[in-house]
Amino acid sequence: MVTLAEVAQHAGVSASTVSYVLSGKRSISATTRQRVERSIRELGYHPNAGARALASSRSNIIALMIPLRTDMYVPVMMEIAIAVATTARTHGYDVLLLTGEEGPDAVRRVAGSGLADGMILMDVELDDERLPLLRETDQPAVLIGLPADTTGLTCVDLDFKATGALCAEHLAMLGHRDVAVVGEAPAVYERHTGFAERTLDGLRTRGRELGLRLLHRPCEGGYDAMAVTLARILDERPGTTGFVVQNESAVEPLLALLRQQGRAVPEDVSVVAICPEQVAVQASVRLTAVAIPAQEMGRHAVEHLVAKLDGRGGDEVVLLPPELTVRASSGPAPAQP
């Protein structure tokens, strides 16, 4: 393993100069810095993580809090996590993944132990119990999600309220009036998870303005649960011709059940989804959908956290605008008899 002393000898400088280049604690001339950096690259030198942390009071680790719940679509969460990890590496940070449902205890543990330089929190609820403690600490943090009160916080998210409104506008433009919303599992709404509540708010608000009759029904996902949910919807609103689905595990069961009932998509019924691009294009009917920009959300979160760690960033809310892609699952509402 190459040592710091060997880098210094190769670059023709003192060991302390190499240390200052690595830590940034003292101003080094551009020529000397470039010579040291060239020697580091050529020799393949990697600073000892423990020594670097002691010298700089930094761990060069970002803690990613991503509670893995059975009622969440894990592939999306993991896509965001991978984007966080890969972006963090480009800035010289590793990622500590915390997957337990620890709530404030996880924030307290990270902030009080020096485990990480900063935190990224996912699965954010409107009144998230982690936030009061987060505001009390001086630990830099970014939320992937939007709570009810964003004061003193940096948040990155898809604009889910605008997403709901966009879905309502698309179906209304096609002439649909009775629209059913197949939502996430009931527990997601019971926790007041931000993305689900905000989507529903956007659908209802814009739907009222456009004269839509909206019916929202949570669904556990899977064929059996979707069968019960669809039967309930059609019993309550037999004239339903439009569906908005915000539940990846319910998409294919819904399409299969509609086929079994002789309801053609999109001739008889239109389906609009809020889901990852891959789910939309690989469904048995290519779905008109608003894609979840998972990679973009993860990248933005890291960029904003690194800016905070470097003293360049302040508190702000970044909402990514939704984009609806029209495919084969939506069409004009059928003529009323």
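This is a short tour of a predicted model, stop by stop.

**Stop 1: the sheet**

Select strands β2, β1, β3, β4, β5 and β11, in that order. They form an open sheet of 6 strands with parallel pairing. Now look at the edges. β2 (94-98) and β11 (317-320) stand there, each with a single partner strand, so one side of each has no neighbour in the sheet. Neighbouring strands are turned by 20° against each other on average, direction ignored.

Zoom in on β1, residues 61-65. How many bridges join β1 to β2? There are 5, and the two strands run parallel. For one of these pairings, pick Ile-61. Its bridge partner in β2 is Asp-94.

**Stop 2: the helix across the sheet**

**Stop 3: the cavity**

Rolling a probe the size of a water molecule over the atoms shows where empty space is left. A search of the whole structure for cavities of 30 Å³ or more finds 1. The largest cavity holds about 340 Å³ of space.

Which residues lie nearest its centre? Select Met-72, Val-76, Met-77, Phe-160 and Phe-195. They belong to a lining of 23 residues. Colour that lining by class: 14 residues are nonpolar, 5 polar and 4 charged.

Next, show helices α5 (74-90) and α10 (194-210). Each supplies at least two residues of the lining. The largest share, 3 residues, comes from α5.

**Stop 4: Leu-210**

Stay on helix α10 and select Leu-210, which lies in it. Is Leu-210 buried or partly exposed? Leu-210 counts as partly exposed, because its relative accessibility is 26%. Leaving aside residues up to four places away in sequence, Leu-210 touches Ala-168, Glu-169, Ala-172 and Arg-177.

Now draw a distance from Leu-210 to Thr-31, C-alpha to C-alpha. The two are 64 Å apart in space and 179 residues apart in sequence.

**Stop 5: Thr-32**

Finish at Thr-32, in helix α3 (residues 30-43). Its relative accessible area is 17%, so Thr-32 is buried. What does Thr-32 touch, not counting residues up to four places away in sequence? Select Val-13 and Thr-17 to show these contacts.

Note on methods:
Residues numbered from 1 in each chain as written. Predicted model: local features only at pLDDT ≥ 70, side-chain atom pairs only at ≥ 80, totals over all residues. Heavy atoms only, no water. Helix = DSSP H or I, 4+ residues; strand = E, 2+ residues; numbered from the N terminus. Buried < 20%, exposed > 50% of the residue type's maximum accessible area, 1.4 Å probe, protein only. Contact = heavy atoms within 4.5 Å. 1 Å grid on protein atoms, 1.4 Å probe; cavity = no way out; pocket = protein on both sides within 12 Å on 5 of 7 lines; lining within 4 Å. Points joined across faces, edges and corners; volume = space filled by probe spheres on them. Nonpolar A, V, L, I, M, F, W, Y, C, P; charged D, E, K, R; others polar. Pairing = 2+ DSSP bridges. Axes fitted to C-alpha atoms, helices over the stretch in contact; angles between N-to-C directions.
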